[in-house]
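Please look over this model with me.

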Amino acid sequence: MEKRSKKTEDAYTSSGEDLLSVERRKAFRQGIRDGVPIGLGYFAVSFSLGIIARNAGLSAFQGAIASLLCIASAGEYAGFTLIGASAALAEVALMTLIINLRYMLMSLALTQRTDPKMPFFHRLLFGGAVTDELFAINIARPGYLDPVYFYGAILISVPLWSVGTALGIVAGDILPARVVSALSVALYGMFIAIIVPQARKSKVIAGLILICFAASWGAEKLAFLQNISSGTKTIILTIVIASAAALLFPVDTKKAYGTPDESPNPDACTDGKEVRDV
Amino acid sequence: MYSKWTYILVMFAVTYLVRVLPLTIFRKPINSRFMQSFLYYVPYVTLALMTFPAIINATQSPIAGALALLAGIAAAWLGAGLLPVAAICCVVVFAAEFIV
């Protein structure tokens, strides 16, 4: 790790032509290579997201731009659902904030691994693409985070996410209803794939998931809650249930996202190995 | 009624700030045990809330959606990754809606 940090340091202290050095190009190529499987996963899931965007009345172009800018499956899903319900902008903003809070944790973890000498604009650029998977492959590399590697992975995976969304919107019109119905659960399948492995490791998470299923079902059925939009219900339930869990079952700091020099604990939400949600 | 672009802009602005502010301005680690725990639980809680009962409302037949939920949970429990779980859910719905 020390050796690598030294190299990175040299890259920033010497002149700009180092950015085109063999070392830089190698990191870029590695980023592209590691981004390919991520991009393929994104493509499949974003197709399903496109079907939801289409139901909300978005054009293929709008869907592509939304995915290119947001790069967030659950966040975009919630946003599209709210657009379909003509929700208030404040509700969209709050919902997007709550659902994407986990990216804040990831960015904070990346901060611990970012070279203080790295030019500031890199933070503004790669920061916009902190997704579960791109975070995972970057945190899995030793030493300081390499923005060039990050850009390589972004360049191959994010366009596939965007194109997949647009194709989902277009194909929703062409494919038979039965096929659309089947494809529309891919996104939920992905949510399940994120939460269940954690439920297997932690009884607290497993219990929480069951409580959430029941609460969410109850909130939909209870007559006196009919006037509250589903987005607001999700926001309120998330805050109430997550707060209660945090009070009753506090989590160890280091478990949550590892110390700067070690890769994240597999028990924590920043799982370093598996390909997960965007 | 707002334009679709206004919604997209709001979604982008919030998502971008959530990711970039910790990297640029709030670089200090969060010290409150409660906040750390809260942030740790939020993704699981919110994803669970959005999965059920939405999955049974998404399909033409609610039974197909329920079967997909059970199959997805079983597959993920047994260690299947993101793509296989998503694919299994789709196949279960497709098969179930032929029968139901």
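1. Start with chain B. Five helices and zero strands make up its secondary structure. Along the sequence the pattern is α-α-α-α-α. Helices (H or I, at least four residues) and strands (E, at least two) are DSSP runs, numbered from the N terminus.

2. Keep the ground rules in mind. This is a predicted model, where local features need pLDDT of at least 70, side-chain atom pairs count only at pLDDT 80 or more, and totals for chains, interfaces and linings use all residues. Residues are numbered from 1 along each chain as its sequence is written, while chains are lettered from A and ligands numbered from 1 in the order in which they are written.

3. Next, the dimensions of chain B. Its radius of gyration is 19 Å, while a compact globule of 100 residues would have one near 13 Å. The radius is taken over C-alpha atoms, and the globule rule is 2.2 Å times the number of residues to the power 0.38. Along the principal axes, the C-alpha atoms of chain B fill a box of roughly 55 × 40 × 20 Å. Of the 100 residues in chain B, 56% are buried. Buried means that 20 or more other C-beta atoms lie within 10 Å of a residue's own; exposed means 12 or fewer, and partly exposed is in between, with C-beta atoms placed from the backbone.

4. Chain A has 14 helices and zero strands. Of its 278 residues, 51% count as buried. Among contacts in chain A with a separation of 6 or more, 79% join residues 24 or more positions apart. A contact means two C-beta atoms, placed from the backbone, within 7 Å.

5. How many residues does each chain give to the contact between them? Chain A gives 85 residues and chain B gives 63 residues. On the side of chain A, the largest share is 13 residues, from helix 11 (residues 186-201) of chain A. That side has 56 nonpolar, 21 polar and eight charged residues. Ala, Val, Leu, Ile, Met, Phe, Trp, Tyr, Cys and Pro count as nonpolar, Asp, Glu, Lys and Arg as charged, and the others, Gly among them, as polar.

6. Helix 11 of chain A also packs on helix 12 (residues 203-221) of chain A, at an angle of about 130° and with the axes 5 Å apart. The two helices are therefore oblique to each other. Axes are lines fitted to C-alpha atoms, for helices over the stretch in contact, and angles run from 0 to 180 degrees between N-to-C directions. Under 35 degrees counts as roughly parallel, over 145 as roughly antiparallel, 65 to 115 as roughly perpendicular and the rest as oblique. A:Ile195, A:Gln198 and A:Ala199 meet A:Ile205, A:Ala206 and A:Ile209 here.

7. Is helix 6 (residues 101-111) of chain A enclosed or open? Nine of its 11 residues are buried, so helix 6 of chain A is largely enclosed by the rest of the structure.

8. Check the backbone too. Most residues other than glycine have a negative phi, and most peptide bonds are trans. A:Ile71 has phi near 45°, a positive value, and counts as buried with 27 C-beta neighbours inside 10 Å. A:Ser86 has phi near 50°, also positive, but is exposed, with 12 other C-beta atoms within 10 Å. The peptide bond from B:Phe52 to B:Pro53 is cis, with omega near 5°.

9. Finally, confidence. The mean pLDDT of chain A is 83. pLDDT is the predictor's confidence in each residue, from 0 to 100. Helix 1 (residues 2-13) of chain A is lowest, at a mean of 51.
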